[in-house]
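Subject: Structure handover and findings

Dear colleague,

Please find below the structure that I am handing over to you. My notes on what was found in it follow directly after.

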Amino acid sequence: MRAKLMILPIAVLAVIVGLGSTAMAGDGSATPRVASTTVTIQAQGTDLSGEVRSPNGQLCANNRTVIVMKQIGPRGGGDDVRFASDTASRQGNAFRWSTGNTGTPGRFYAKVRPIPGCGGDTSETIRAVRN
């Protein structure tokens, strides 16, 4: 008789634990949310600058490190060179970065790496020319 009484509580406990783990896995709350991030680049002569944008600007754009890459061959060919970097900061309603006048013509793109809570991004490639 005592053995039968112990089986029932163990079976009930197994059902409760199973339902709890299913509910947690189903709502996605265990998956961290990542805010999208966009980085832009533009050239005025050989002066490179751009913006970092995100719905969560204070976390994902403010003080974000932007890496400027000089494209050597075809995009993604593995031979691109880290050329410069800057930190985005609030200027009015935007988070801007600028390398200043590099004096170097060529093809460039900007990158921001993912950080906790924020995605990474790579801009389009632009051409900087001396005026």
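Glu 51 and Arg 53 form a salt bridge, with their closest N and O atoms 2.9 Å apart. The term salt bridge here denotes a side-chain nitrogen of Lys or Arg within 4 Å of a carboxyl oxygen of Asp or Glu. Please note that this is a predicted model, in which local features need pLDDT of at least 70 and side-chain atom pairs count only at pLDDT 80 or more, while totals for chains, interfaces and linings use all residues. Residues are numbered from 1 along each chain as its sequence is written, and side-chain values use heavy atoms, with hydrogens and water left out.

Glu 51 also forms a salt bridge with Arg 96, where the closest N and O atoms are 2.5 Å apart. This pair links distant parts of the chain, since Glu 51 lies in strand β3 (residues 47-53) and Arg 96 in strand β7 (residues 94-101), 45 residues apart. Through shared partners, the salt bridges join Glu 51, Arg 53 and Arg 96 into one network. The count of salt bridges by this rule is two.

How exposed are the members of this network? I use buried for under 20% relative accessible area, exposed for over 50%, and partly exposed for values in between (1.4 Å probe, protein chains only). Glu 51 counts as buried because its relative accessibility is 15%. Arg 53 is partly exposed, with a relative accessible area of 44%, and Arg 96 is likewise partly exposed, at 34%.

The structure also holds one disulfide, a term that stands for a pair of cysteine sulfur atoms within 2.5 Å. The disulfide is formed by Cys 60 and Cys 118, whose sulfur atoms are 2.0 Å apart. These two cysteines connect distant parts of the chain: Cys 60 is in helix α2 (residues 57-60) and Cys 118 in the loop between β8 and β9 (121-122), 58 residues apart. The link is left-handed, with -80 degrees about the S-S bond. Cys 60 is buried, with a relative accessible area of 0%, and Cys 118 is buried at 2%.

Lys 111 and Thr 122 are eleven residues apart in sequence, and their C-alpha atoms are 4.4 Å apart in space. Leaving aside residues up to four places away in sequence, Lys 111 touches Val 39, Thr 65, Val 66, Ile 67, Met 69, Asp 121 and Thr 122; a contact means heavy atoms within 4.5 Å.

As for the protein overall, there are two helices and ten strands, these being DSSP runs numbered from the N terminus (helices: H or I, at least four residues; strands: E, at least two). Of the 131 residues, 30% count as buried. Among the contacts with a separation of 6 or more, 60% come from residues 24 or more positions apart. The accessible surface comes to about 8500 Å², of which 57% belongs to carbon and sulfur atoms; accessible areas come from the Shrake-Rupley method with a 1.4 Å probe, and for residues only the protein chains shown count as cover.

With kind regards
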